[in-house]
Amino acid sequence: MSDEFVTITNLDAHYGDFQALYGVDMHIDRGEVVAVIGANGAGKSTLLRSISGLMPNGSGQIKFKDADISGLRADEIAHLGLALVPEGRQLFPSLSVEENLIIGGRLQRPGPWNLESVYALFPILAERRNSPSTALSGGQQQMVAIGRALMANPDLIMFDEISLGLAPIVIGEIYSAIPDVIGQGVSAIIVEQDISKALSISSRVYCLQEGRVALEGNSDTITREAISQAYFGV
Amino acid sequence: MDWVNAIIQGTLLGGLYALFAAGLSLIFGVMRLVNIAHGDLIVFSAYVCLTITTSLGIHPLVALVLVVPIMAAIGYGLQRGLLNKTLGTDILPPLLITFGLSVIIQNTLLQVYTADPQKLSAGDLEIASIKVGSLAVGMLPLLTFAIAVAVIASLQYMFYKTALGRALRAVSDNQEIAQLMGLDKRHIFGIAMALALAVTAVAGVLLGIRTSFDPSVGGGRLIFGFEAVIIGGLGNIWGTLAGGVILGVAQTIGAKIDPGWQILAGHIAFLVVLAVRPNGLFPRMSA
Ligand SMILES: Nc1ncnc2c1ncn2[C@@H]1O[C@H](COP(=O)(O)OP(=O)(O)O)[C@@H](O)[C@H]1O
Ligand SMILES: [Mg+2]
């Protein structure tokens with residue numbers, strides 16, 4: 001057994017004729033938090049969709065806990081302990097707040113997260129538990145989306161631009177909860193446009209540019225120059 | 001008094017139409033599939049019941065304990081083996097496939113049972129009635145309506161109060177994200193079709209007790225079911241019952257004016273609702 005928890009090898013992804021990822025290589029170690037940054041359209045969401053099984057993958061391209069998951073369906077991968085907080089939150093509109101959380105925990109994987117601990121993390125959700133998820137503010141919806149992923153007690157949790165469209169004060173509130181979330185030994189991939197947020201919370205960072213890994217490094221030693229070079233390719 | 005009678009008869013008839021509609025509505029709600037073969041599956045259920053009652057010599061309502069699970073199993077198999085493969089972003093393939101299925105079912109029934117009209121014999125139940133004031137209300141229509149209410153109340157409960165209902169709503173809302181919750185949509189769709197055909201089984205048996213049927217009558221039941229769904233509003237389970245009742249009352253009032261107008265009056269009521277409230281009277285889902 002290697003220490004590599006997730007290993008991505010030469011990953012391609014296509015939308016019809018359009019190729020969105022080109023030979024991406026990446027690894028996440030056990031308990032590690034990795035940031036993925038890149039301009040709009042660089043392929044960050046596509047990368048997370050591929051890992052979760054929402055995009056078809058070629059054999060051997062994605063390994064999770066030493067098993068090749070490239071050929072599995074998304075629901076099978078969810079059983080293995082992988083959860084996604086999707087871009088744009090994507091709550092179930094016809095489910096209440098609490099139902100959204102419950103369905104996140106329907107696989108009943110053992111672990112620290114349950115309704116009680118999610119409500120302790122985001123107390124406002126306990127007050128709004130019976131509201132339709134559509135009645136919540138953007139920040140509260142994001143808390144539901146995070147709580148829904150936590151309810152699965154995942155071994156790997158992936159966040160796709162959780163600060164998108166939220167007011168700075170709300171972003172601060174949500175990010176202050178993140179250490180609690182990933183402090184429990186889970187690994188995490190954080191996709192974020194806000195580079196300083198991404199660097200401060202992660203130990204390593206990958207920068208995607210037009211579907212390719214343009215830069216990889218330690219979050220505390222990587223330079224601004226290298227990042228802007230990798231971001232814009234200039 | 002005749003008019004009151006017509007309205008009561010129409011209301012009770014609406015229960016049957018609601019049963020035609022419920023399965024259709026459930027399938028559309030969960031997987032956006034318009035099942036053209038729905039009416040033929042209703043008739044098919046009546047024939048399944050006919051075979052069971054004649055070979056076992058049991059009452060058609062007792063035979064429901066067999067017809068319902070048989071139809072549910074057929075529904076699950078049909079969904080997993082055929083219909084799941086037609087579902088995608090394009091809505092045309094499921095329409096074409098279920099249309100083909102409709103033709104296949106009709107012709108198979110013709111081969112096996114011939115075109116002779118058949119009827120399910122329910123004995124005394126068919127003629128029993130109770131007096132309400134000066135009106136005689138038939139036991140069978142009353143029972144049909146009560147069963148429709150019970151079926152719809154159960155569906156409502158299942159949808160909004162159980163884990164299965166939560167899963168069905170989640171898949172209906174967002175198939176991709178539902179899969180991330182570990183839900184296998186192919187299985188969930190199979191369950192939805194099984195439920196729909198279980199309701200269809202009840203509808204088919206009650207239809208077969210009420211009137212004679214032959215392999216060609218499925219299309220008409222499909223239309224009534226559609227109209228009840230649209231009048232009631234897509235995705236609203238109780239709205240389906242309201243839609244069935246409105247359709248039933250329109251038909252009996254039409255028939256009261258002139259016996260030839262029964263079906264036409266139903267279609268007119270449908271068109272009026274569609275023109276005034278294109279989303280139906282009680283729309284619910286933001287589909
Ligand atoms: N459903 C889709 N169909 C076609 N192209 C898509 C689709 N989703 C994303 N793309 C394209 O794939 C590329 C990567 O998109 P995405 O992964 O969403 O980028 P990011 O998350 O980094 O902004 C973009 O060029 C985008 O236009
Ligand atoms: Mg994105």
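So, which residues surround ligand 1? Going along chain A, they are A:Y15, A:F18, A:A20, A:A39, A:N40, A:G41, A:A42, A:G43, A:K44, A:S45 and A:T46, where being near takes a heavy atom within 4 Å.

Quick housekeeping: this is a predicted model, where local features need pLDDT of at least 70 and side-chain atom pairs count only at pLDDT 80 or more, while totals for chains, interfaces and linings use all residues. Residues are numbered from 1 along each chain as its sequence is written, chains are lettered from A and ligands numbered from 1 in the order in which they are written, and side-chain values use heavy atoms, with hydrogens and water left out.

Now the polar contacts, meaning pairs of N or O atoms within 3.5 Å. A:G41 uses a backbone N or O atom, 2.7 Å from a ligand 1 oxygen. For A:K44, a polar side-chain atom sits 2.8 Å from an oxygen of ligand 1. The side chain of A:S45 also has an N or O atom 2.8 Å from a ligand oxygen.

A:S45 comes back at the magnesium ion, ligand 2: its OG and the OE of A:E87 coordinate the metal at 2.0 to 2.1 Å. Donors here are N, O and S atoms within 2.8 Å of the metal (3.2 Å for Na, K and Ca), and water is not among the atoms, so sites may look incomplete. A:S45 lies in helix α1 (residues 44-52) of chain A and A:E87 in the loop between β6 (82-85) and α3 (97-104), so the pair ties together parts 42 residues apart in sequence. Helices (H or I, at least four residues) and strands (E, at least two) are DSSP runs, numbered from the N terminus.

Key: A polar contact is a pair of N or O atoms within 3.5 Å; within protein, one must be able to donate a hydrogen and the other to accept it, and residues adjacent in sequence count only if both atoms are side-chain atoms.
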